[in-house]
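Reader: I have a sequence and a model to go through. Can we take it question by question?

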Amino acid sequence: MKRFLLITLLLFLPIGWLLMAQSSFAVKKVFDGKVLGSKAVVETMISGRQLASYHLDSFHSLRYSAGEEEAAVVEELVLADATHAAEKETVFVDGKLTYAVLAFQSDPDGNEYICYQNDGTTATLVYMYGSATLDELKNIFKTR
Amino acid sequence: MNKDKQYYLDLAERWFDAETSEAEEKELRRFLAATEDPDFDEARAALGFLAASSLRAEAPKSPIDLPRQIGPRRTAGLLGTSATTASGSSKRRWLIPAVAVAASLVLAFFFGRMTAPVEIVPVGAGTCVSYVHGVEVNDEDFAVATMESTLSDFFSPAAAPDPRTDLSLIFNANE
């Protein structure tokens, strides 16, 4: 019976872990290149000392021209993530999402952020991780 | 006799929990082959048929004087035995794997959460790079400037939603 218990635990632990791995952010598809395809994108990735003064550990952004089809897909993904955000600020214009800042507290050491902006011409999607709070980020960048 | 019966009931329960030694298991098999007590139906269903077929020719070595009633009635009893037991050990057998599954999922949940952050960012430590339409721009200053410009767009007062504006629109609609 003890062996059976151990085998069951070893069998279901990776399955459970796999389930958890699948439950990451919906917008991960966009960063993985599965939504924008061959669209012209300006992608920026920073991780390390360049972000220290902002109390961030990693930064990943995508800036692209906002076609209607992609906008609808990305908007849906952002709103899906917004459902479990700890804090969120969103703006809708004519029923379309034009601005979103979502904050997630995934662990005691830091916060994760997903930011989305679409002015009808250019759209930007950002993922950040770090110890900075939303108020700190606003204070840092409000005068820049 | 009752004391002996209780001994074998306990032995059967320990067999279901995989806590019996080989010698105890053989003793249980011999007992089940020789008895038709309905309290042992479940154990007989799991073991008894095998015990009847493999030990029919072997005389029980137990000093206990057990009735020998081998025949078609026991075989019919073996095949038609129900899965219930007075001790509830069959219910416990399903409960333990269910608890093991639940425990492993809970462990995986918490362990997964501990390693969850930053899975979106496929970059190594110390990365500072931009890609413009697929072309790498290995210029740190350009990457940092892009980052600052992007975050200023998000967090500057002009970009952030101002609930005061919305409220003033609502309350001053008729003006």
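Reader: Which residue stands opposite A:Gly130 in E6(A)?

Author: E5(A) and E6(A) pair in the antiparallel sense over 8 bridges; strands pair if DSSP finds at least two bridges between them. Strands here are DSSP runs of E with at least two residues, helices are runs of H or I with at least four, and both are numbered from the N terminus. The residue that stands opposite A:Gly130 in E6(A) is A:Asn111.

Reader: How is the model to be read, and how are residues and chains labelled?

Author: This is a predicted model, in which local features need pLDDT of at least 70, side-chain atom pairs count only at pLDDT 80 or more, and totals for chains, interfaces and linings use all residues. Residues are numbered from 1 along each chain as its sequence is written, while chains are lettered from A and ligands numbered from 1 in the order in which they are written.

Reader: In the hairpin of E5(A) and E6(A), which residue takes a positive phi?

Author: The hairpin has 3 residues between its strands. The residue with a positive phi, near 95°, is A:Gly120.

Reader: Which residue of E6(A) is the bridge partner of A:Leu56?

Author: Strand E2 (residues 56–65) of chain A pairs with strand E6 (residues 122–130) of chain A in the antiparallel sense, over 9 bridges. A:Ser65 has A:Thr122 as its bridge partner in E6(A). For A:Leu56 the bridge partner is A:Gly130.

Reader: How many of the residues of E6(A) are buried?

Author: A residue is buried if 20 or more other C-beta atoms lie within 10 Å of its own, exposed if 12 or fewer, and partly exposed in between, with C-beta atoms placed from the backbone. E6(A) is largely enclosed by the rest of the structure, because the buried residues number 8 of the 9.

Reader: Which strands stand at the edges of the sheet?

Author: The open sheet has 8 strands with antiparallel pairing, in the order E3(A)-E4(A)-E5(A)-E6(A)-E2(A)-E1(A)-E1(B)-E2(B). Each edge strand has a single partner strand, so one side of each is left without a neighbour in the sheet. The edge strands are E3 (87–93) of chain A and E2 (135–137) of chain B.

Reader: Is A:Asp109 buried or exposed?

Author: A:Asp109 lies in the loop between strand E4 (96–107) and strand E5 (110–118) of chain A. Its C-alpha atom is 7.8 Å from that of A:Gly130, and these two residues are 21 residues apart along the chain. Because A:Asp109 has 11 C-beta neighbours inside 10 Å, it counts as exposed.

Reader: How far apart are the end C-alpha atoms of helix H2 of chain B?

Author: The helix covers residues 22–34, which is 13 residues. The expected span is 1.5 Å times one less than the number of residues, so the helix should span 18 Å. The end C-alpha atoms agree with this, being apart by 19 Å.

Reader: What pattern does chain B follow along the sequence?

Author: Chain B has 7 helices and 2 strands. Buried residues make up 20% of its 175 residues. Read along the sequence, the pattern is α-α-α-α-α-β-β-α-α.
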